[in-house]
Structures are given as structure tokens and as C-alpha cells.
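Please read it alongside the sequence and the coordinates.

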Amino acid sequence: MKRLLAGAALAIWMIAASGHAQTYTFRNVAGNSNDPNGPSTDGTNDSALFHGPSSVALDKLGNLYVADQYDSVIRKVTPAGTNWVVSTIAGGSTAPFTSLRDGTNSYAIFNWPIGIAVDSSGNLFVADQYNYAIRKVTPMTGTTNWVVTTIAGKGQNYRGFVDGTNSAARFNQPAGVAVDANDNVFVADTGNNSIRKITLVAGTTNWVVTTIAGQGTNNAGFADGTNTAAQFYFPTGLALDANGNLFVADQGNNEIRKMTPSRTNWIVTTIAGQGPNPHISQTGLDFSQES
């Protein structure tokens, strides 16, 4: 069975600096751990309920966006004075969510959205894990509507490892997602042990997927190097710094990796961790969806 989280609450932290020390204060802004199994419910502060929230992203206005994985919806958490108002902006159709469907608001269907990022214009990019696709969630100016489109990948029956444009590209359980200052989208393609880049072709609606590091599904391993000479094992999380460097949570290798751009190349180095567990096999990997 799919694992259920013991609790589902969203925490936000505030920092107060004193000299070289930092004090962290945590408080719950939305969600209620007394009802950990959902279903997802909109509301204010702890009257809202989540069901397996997996990742969050913050826009320049201070709104939070949540990939609420187990109910296959995208939530918005909006500050209102000292309160936080939770609303569902995409997903939640009564149709089976084990499929892929583009559309507006609740008409759209996700299948375990797990990673989320925001670009400079407030568009959301979602790693739709078991649809093996990357989705874009666009706010409609002057309305409260959000339009979901698929920019890469094709759906549940189209898992694979293929570079290409739009639906010709293939992923295998994409998880982490990040967006750089030029609105390029980066994906931790977990089941393919690779990092992918998705670039919009100027003046079109086409998105081109390329592999910038890692070697594909059956080539899990641990190796620093340039582009496809590098190896990962189940990379899951991504973050970008101001200089365009990518940082990767390489889960199966118990490492944090850094990817540095050098013209058209990406140089992968290990910056933290002690290497893969020698008792974990890195062959014959199968990251199929749990039933």
C-alpha cells in the first residue's frame, strides 16, 4: 500500500540573527496533525488539511505552493495578516487520478505530484511522478483560475528515458524540480538516475528535454565527472543558487552533489557525504509505483 504520513502539517520558519548565531522559531501555519490522513481540505490555518505534502515553493509575493502528493492536488497557501488561507488551485477531479489530463483548476488530473517550483512570472512547474511528466500550472491574469498543461512526457503508460520535445520526451518517476533565472526547468529524474534540463524554444510552445548529467535507468552508480560521465543513484531533490549551480540530493548514494555549468557542460562534484552504502545493490533497479 502507498505509505501514509503520520502527520500532514506545513511549517514555516523565521530567523533572528544574533552575532554569528541564529535562532530558529517554528510554528504551524496550515494543516492539522490530529487528522493526518486527510482528505485535503481548504481553509484557514489548522482548519485546512493536507494529505502527504511533498514539497513547497515560494513566489515573490510570499505565497506558498504545495504539491499535496497523496490527494494529487496543488495547493496555494496565502498570507492574510497573521493567518494563512489554503486553497486548491489544480487537481482534485472526481475522475481517477491514475491518469493525465490537462485543463483548468480541478478539471486537471495529476498522479502523485511530488516536486514543485516557481518561475519569475509566477508559473508553477510540477514533477508529476507517476504520470512520468512535467506539468506547467499557469495563473490566468485577472482571474483566480489556473491552467495546467503538460510540457514534457506523456502519461502513466509512457515511462522511459528519452530526450526530445514535449510529449516525445520520457521520464521515470521525476521528483525534484527547479527553475533558474532564465526560466529553464531542471528535473531530478529519479528512476533514470539522471538530471534533465527542459528549455522553452523562444517564440513557440515547445519544450526541449536534454540530459545534462547521469547515464539513465540501468546505470546507477557513484562517479563525479562531466555530463554523462557522472553517475547518480536515485537523485530526488534539486536546488539552484544565484550563480546557476545545481545542488542534488543523491539519495541512494547518501551524498550531496554540486553541478557547475561550464559553457555547455556540467561538472558534477561531491560536496558532502561519505559515499554509497556498499551493501546496497545498484543494479536491477525497479522504482515502480507501489500499489
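Two strands are taken to pair if DSSP finds at least two bridges between them, and strands themselves (E, at least two residues) are, like helices (H or I, at least four), DSSP runs numbered from the N terminus. By that criterion, β16 and strand β17 (residues 207-214) pair in the antiparallel sense over seven bridges, and within this pairing R196 stands opposite T211 in β17. The model is a predicted one, in which local features need pLDDT of at least 70 and side-chain atom pairs count only at pLDDT 80 or more, while totals for chains, interfaces and linings use all residues. Residues are numbered from 1 along each chain as its sequence is written, and side-chain values use heavy atoms, with hydrogens and water left out.

**Two open sheets**

The β16-β17 pairing belongs to an open sheet of five strands in the order β13-β17-β16-β15-β14, with antiparallel pairing. β13 (164-165) and β14 stand at its edges with a single partner strand each, so one side of each is left without a neighbour in the sheet.

Another five strands form an open sheet in the order β18-β22-β21-β20-β19, again with antiparallel pairing, and here the edge strands, each pairing on one side only, are β18 (225-226) and β19 (235-240).

| Strands | Bridges | Bridge partners |
|---|---|---|
| β18 and β22 | two | T226 and I267 |
| β19 and β20 | five | G237 and A249 |
| β20 and β21 | five | F247 and K258 |

In a regular strand the side chains alternate between the two faces of the sheet.

In the hairpin of β19 and β20, with five residues between the strands, G244 takes a positive phi near 85°, and in that of β20 and β21, with four residues between the strands, N254 takes one near 55°. N253, in the loop between β20 (246-250) and β21 (255-262), counts as buried at 0% relative accessibility. The side chain of N253 makes a polar contact with the side chain of D250 at 2.8 Å, a polar contact being a pair of N or O atoms within 3.5 Å of which, within protein, one must be able to donate a hydrogen and the other to accept it, while residues adjacent in sequence count only if both atoms are side-chain atoms.

T190, found in the loop between β15 and β16 (194-200), is buried with a relative accessible area of 2%. The C-alpha atoms of T190 and Q251, which are 61 residues apart along the chain, are separated by 9.2 Å.

**Aromatic contacts**

Rings of Phe, Tyr and Trp (its six-membered ring) pair if their centres lie within 6.5 Å, with planes under 30 degrees apart counted as stacked, over 60 as edge-to-face and the rest as tilted. The structure holds six aromatic pairs. In one of them, the rings of Y130 and Y132 have centres 6.5 Å apart and planes at 80°, so the pair is edge-to-face; both residues are buried. The rings of F186 and W266, with centres 5.6 Å apart and planes at 70°, are likewise edge-to-face. F186 lies in strand β15 (residues 185-189) and W266 in strand β22 (residues 265-273), so the pair ties together parts that are 80 residues apart in sequence, and both F186 and W266 are buried. Ring pairs also link Y70, W112, Y130 and Y132 into a cluster.

A charge sits over a ring if NZ of Lys or CZ of Arg is within 6 Å of the ring centre and within 35 degrees of the ring normal. The charged end of R135 sits over the ring of F110, 4.8 Å from its centre, and R257 lies over the face of F232, at 4.9 Å from the ring centre.

Terms used. Buried means under 20% relative accessible area, exposed over 50%, partly exposed in between (1.4 Å probe, protein chains only).
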